[in-house]
Amino acid sequence: MSVDNFNYLSTLVAPAITRTDTVLRSAINPDIKLAVTLHHLAEGASLGSIAFHYRLGKSTVCGIINDTCKALYEALQPLRRESIVLMAIVDADYKFLIIDVGQPGSQSDGGVWESSVFGMVLARDQVNLPTPKPISSTQSLPYVFVGDEAFPLKTYLMRPFPGRQLSTDSKPIFNYRLSRAQIVVENAFGRNFVTAMEAAIKNDSSNSK
């Protein structure tokens, strides 16, 4: 992100994320808060690594990211025209392989998936997925897509156990392992979110001239 774009974003969110110094400590500069948030969104860096990099507490970093993301969302609202859903298939290298755009934002993720062309083709078993991979002499596992709780459980689509079903030790472990794969998708969208912000800033700046 260019310095000009960063400074522009800073002027938008600073009023919402600036805090007052206290007797015990000085408030964190809003530019630092914005840098922390963009670092996390663009690179998907863990809270621990960001905390170490900026010499901040992990819980502090978590609060900064939450507050700044809310401020960014509110600040960029006037730049939006309407809410539509972009659903995508992302690989392990953060590459967008398939996208579906145009469903209304009010529709659930599961509903968007089921009404998408790719979702319907998968349901009809018309996609040439790789054959199951042997993991032992007696067992093979299929290749699957990974989604969150909003998606339906299918033989080709894996989702986490709902919170109410976490009655055994193995289910939380499974959810944790599955979330590691979901992080790749979140990071891919995070990188594109930063790019979209820059595009919105450029467009807004052009319209203001």
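# Reading the labels on a predicted model

Of the chain's 209 residues, 30% count as buried. The model is predicted. The secondary structure comes to seven helices and six strands. From the N terminus, the elements run α-α-α-α-β-β-α-α-β-β-β-β-α.

Q: Why is leucine 86 called partly exposed?
A: Its relative accessible area is 41%. Buried means under 20% and exposed means over 50%. Leucine 86 falls in between, so it is partly exposed. The residue is found in strand 1.

Q: What makes leucine 86 open enough to belong to a patch?
A: Patch residues need over 30% relative accessible area. Leucine 86 has 41%, so it passes that cut-off. Leu86 forms a nonpolar patch on the surface with Ile84, Ile99 and Val101. Together they have about 350 Å² of accessible area.

Q: Which elements give two or more residues to the nonpolar patch?
A: They are strand 1 (84–90) and strand 2 (96–104).

Q: Why is arginine 55 called exposed?
A: Exposed means over 50% relative accessible area. Arginine 55 has 64%, so the label holds. Its place is in the loop between helix 3 (47–54) and helix 4.

Q: What makes the phi of arginine 55 worth a remark?
A: Phi is positive there, at about 60 degrees, although the residue is not a glycine. Most residues other than glycine have a negative phi.

Q: How do you know that aspartate 125 counts as exposed?
A: The relative accessibility of aspartate 125 is 66%. The cut-off is over 50%, so aspartate 125 counts as exposed. Its place is in the loop between helix 6 (117–123) and strand 3 (133–134). Phi of aspartate 125 is near 60 degrees, a positive value in a residue other than glycine.

Q: How much space lies in the second largest pocket, and which residues are closest to its centre?
A: About 250 Å³ of space lies there. Of the 14 lining residues, the closest to the centre are Arg19, Arg25, Ala27, Ile28 and Lys33.

Q: Which helix gives the most to the lining of the second largest pocket?
A: Helix 4 (residues 58–76) does, with five residues.

Q: What is the make-up of that lining by class?
A: The lining has four nonpolar, six polar and four charged residues. Arg and Lys count as charged, so Arg19, Arg25 and Lys33 are among the charged ones. Ala and Ile count as nonpolar, so Ala27 and Ile28 are among the nonpolar ones.

Note on methods:
Residues are numbered from 1 along each chain as its sequence is written. This is a predicted model: local features need pLDDT of at least 70, side-chain atom pairs count only at pLDDT 80 or more; totals for chains, interfaces and linings use all residues. Side-chain values use heavy atoms; hydrogens and water are left out. Patches are made of residues with over 30% relative accessible area and no salt bridge: like charges are joined within 9 Å, nonpolar side chains (Val, Leu, Ile, Met, Phe, Trp, Tyr) within 5 Å. Accessible areas come from the Shrake-Rupley method with a 1.4 Å probe; for residues, only the protein chains shown count as cover. A salt bridge is a side-chain nitrogen of Lys or Arg within 4 Å of a carboxyl oxygen of Asp or Glu. Helices (H or I, at least four residues) and strands (E, at least two) are DSSP runs, numbered from the N terminus. Buried means under 20% relative accessible area, exposed over 50%, partly exposed in between (1.4 Å probe, protein chains only). On a 1 Å grid over the protein atoms alone, a cavity is a set of points where a 1.4 Å probe fits but cannot get out, and a pocket is an open set with protein on both sides within 12 Å along at least five of seven lines; lining residues have an atom within 4 Å of a point. Grid points are joined across faces, edges and corners, and a volume is the space filled by probe spheres set on the points.
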